[in-house]
Amino acid sequence: MSKTDKVKIFFQHVMPKHLTSRLVGKFAAARAGWFTQLFIRWFIRQYKIDMSEAIHESPKAYKTFNEFFTRYLKPELRPLEAKDDELAHPVDGAVSQLGDIEEGRIFQAKGHDYSLQELLGGNEEDAKPFVNGKFATIYLAPKDYHRIHMPCDGVLKKMIYVPGDLFSVNPLTAANVPNLFARNERVVAIFDTEVGPMSMVLVGATIVASIGTVWSGTVTPPTGGRIQSWSYPTSGHTAIHLKKGEEMGHFKLGSTVVLTFAEDSIEFGDKLKPLSTTRMGEVMAERKESDD
């Protein structure tokens, strides 16, 4: 690791990450007029964002930085390509890692793995369906579209808020901060789906101003010092059903999504590897045929 990278990691440890993130969040939500416009235009140039993909292409359409950052894309640019027996990518981003969950451990980077149970909030019963299943970790860069969609049809079973740190989740940090994704603040959504149990973990990071879901609105902030969970009915008129490709949540400023699936439920395509680019709606995996 270079000296520059060592300095970056050092500052990740010593900076007041929660305070910094909340201050950035206040600015991102503020209607600061010309200053907001100036910052949005700088951000577009800095991260080479293709505004032709957005429904509202002009920066002037956005009164706050949050409005810009969570901008909707033209729907025809992200068609749902996954067929009935396939799962769709939930986000625009890049694969960090994917593969087998081995005896309840998830691979993070060379020399680092972490506990599935800890990732999901510490409850053994929540983790049990995924112990020998599959996982995919997808990183959303600042330039990416930051709304999160369902990879398959599902009904919401449980949501868990897990307090934690706010380290950056970029590749450098993932390679050098142990237990990163089970260490950062996160929101866990557990679904019953057409391929079996599935969890979607929305991982917070430095200067992530907010994590929200379509069924509950903003989950964090406010934050707390303890794990909180909410259970939902999976049948009846109050059950929360979401279709493949439907929006399920968002980040205000970039982060990572970790997906977990049950054993023998899905198979990732051969072309999907670490660093592979993902586009919402494209094929991520296929349903594994039963041996019965």
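This is a predicted model: local features need pLDDT of at least 70, side-chain atom pairs count only at pLDDT 80 or more; totals for chains, interfaces and linings use all residues.
1. **Strand S5 and its cover.** Strand S5 spans residues 134-139. Six of its six residues are buried, so that the strand is mostly covered. In a regular strand the side chains alternate between the two faces of the sheet. This pattern can be followed along S5: Lys134, Ala136 and Ile138 point one way, while Phe135, Thr137 and Tyr139 point the other way. The residues on both sides are all buried.

2. **The partners of S5.** Strands of a sheet pair through backbone hydrogen bonds, either parallel or antiparallel. S5 pairs with S2 in the antiparallel sense, over six bridges. Within this pairing, Ala94 has Tyr139 of S5 as its bridge partner. S5 also pairs with strand S15 (residues 256-261), again in the antiparallel sense and over six bridges. Here Thr137 stands opposite Val258 in S15.

3. Side chains of opposite charge can pair when their charged atoms come close. The side chains of Lys134 and Glu267 form a salt bridge, with an N to O distance of 3.9 Å. Lys134 belongs to S5 and Glu267 to strand S16 (residues 266-268), so this pair ties together parts of the chain that are 133 residues apart in sequence. Which of these two residues is buried, and which is partly exposed? Lys134 has a relative accessibility of 17% and therefore counts as buried, since the cut-off is under 20%. Glu267, at 30% relative accessibility, counts as partly exposed.

4. **Other salt bridges.** The structure holds 13 salt bridges. One of them joins the side chains of Asp92 and Arg78 at 2.6 Å, N to O. This pair links distant parts of the chain, 14 residues apart. Asp92 lies in the loop between strand S1 (86-88) and strand S2 (93-100), and Arg78 lies in the loop between helix H4 (65-69) and S1. Both Asp92 and Arg78 are buried.

5. The side chains of Lys143 and Asp144 meet in a salt bridge at 3.2 Å, N to O. Lys143 is partly exposed, with a relative accessible area of 40%. Asp144, at 5% relative accessibility, counts as buried. Elsewhere, salt bridges that share partners join Asp100, Lys134, Asp264, Glu267 and Lys288 into one network.

6. **The sheet that contains S16.** An open sheet of three strands has the order S1-S18-S16, with antiparallel pairing. S1 and S16 stand at the edges and each has a single partner strand, so one side of each is left without a neighbour in the sheet. On average, neighbouring strands of this sheet are turned by 35° against each other, direction ignored. S16 and strand S18 (residues 283-287) pair in the antiparallel sense over three bridges. In this pairing, the bridge partner of Phe268 is Ala285 in S18.

7. **Strand S7 and its partners.** Strand S7 (residues 154-162) is mostly covered, as eight of its nine residues are buried. With which strands does S7 pair in the antiparallel sense? Strand S8 (residues 186-193) pairs with S7 over eight bridges. Strand S12 (residues 228-231) is joined to S7 by four bridges, and the two run antiparallel. Strand S13 (residues 241-242) pairs with S7 over two bridges. Lys158 has Ile190 as its bridge partner in S8, and Lys158 also stands opposite Ser231 in S12. For Gly154, the bridge partner in S13 is Leu242.

8. **Asn184, a buried polar side chain.** Asn184 is found in the loop between helix H7 (171-176) and S8. Is Asn184 buried or exposed? Its relative accessible area is 0%, and therefore Asn184 is buried. A polar atom of the Asn184 side chain lies 2.8 Å from the backbone oxygen of Gly204.

9. **A nonpolar patch on the surface.** Trp34, Phe35 and Leu38 form a nonpolar patch on the surface. Together these residues have about 380 Å² of accessible area. Leu38 is found in helix H3 (residues 34-46).

Technical notes:
Residues are numbered from 1 along each chain as its sequence is written. Side-chain values use heavy atoms; hydrogens and water are left out. Patches are made of residues with over 30% relative accessible area and no salt bridge: like charges are joined within 9 Å, nonpolar side chains (Val, Leu, Ile, Met, Phe, Trp, Tyr) within 5 Å. Accessible areas come from the Shrake-Rupley method with a 1.4 Å probe; for residues, only the protein chains shown count as cover. A salt bridge is a side-chain nitrogen of Lys or Arg within 4 Å of a carboxyl oxygen of Asp or Glu. Buried means under 20% relative accessible area, exposed over 50%, partly exposed in between (1.4 Å probe, protein chains only). Two strands pair if DSSP finds at least two bridges between them. A polar contact is a pair of N or O atoms within 3.5 Å; within protein, one must be able to donate a hydrogen and the other to accept it, and residues adjacent in sequence count only if both atoms are side-chain atoms. Axes are lines fitted to C-alpha atoms, for helices over the stretch in contact, and angles run from 0 to 180 degrees between N-to-C directions.
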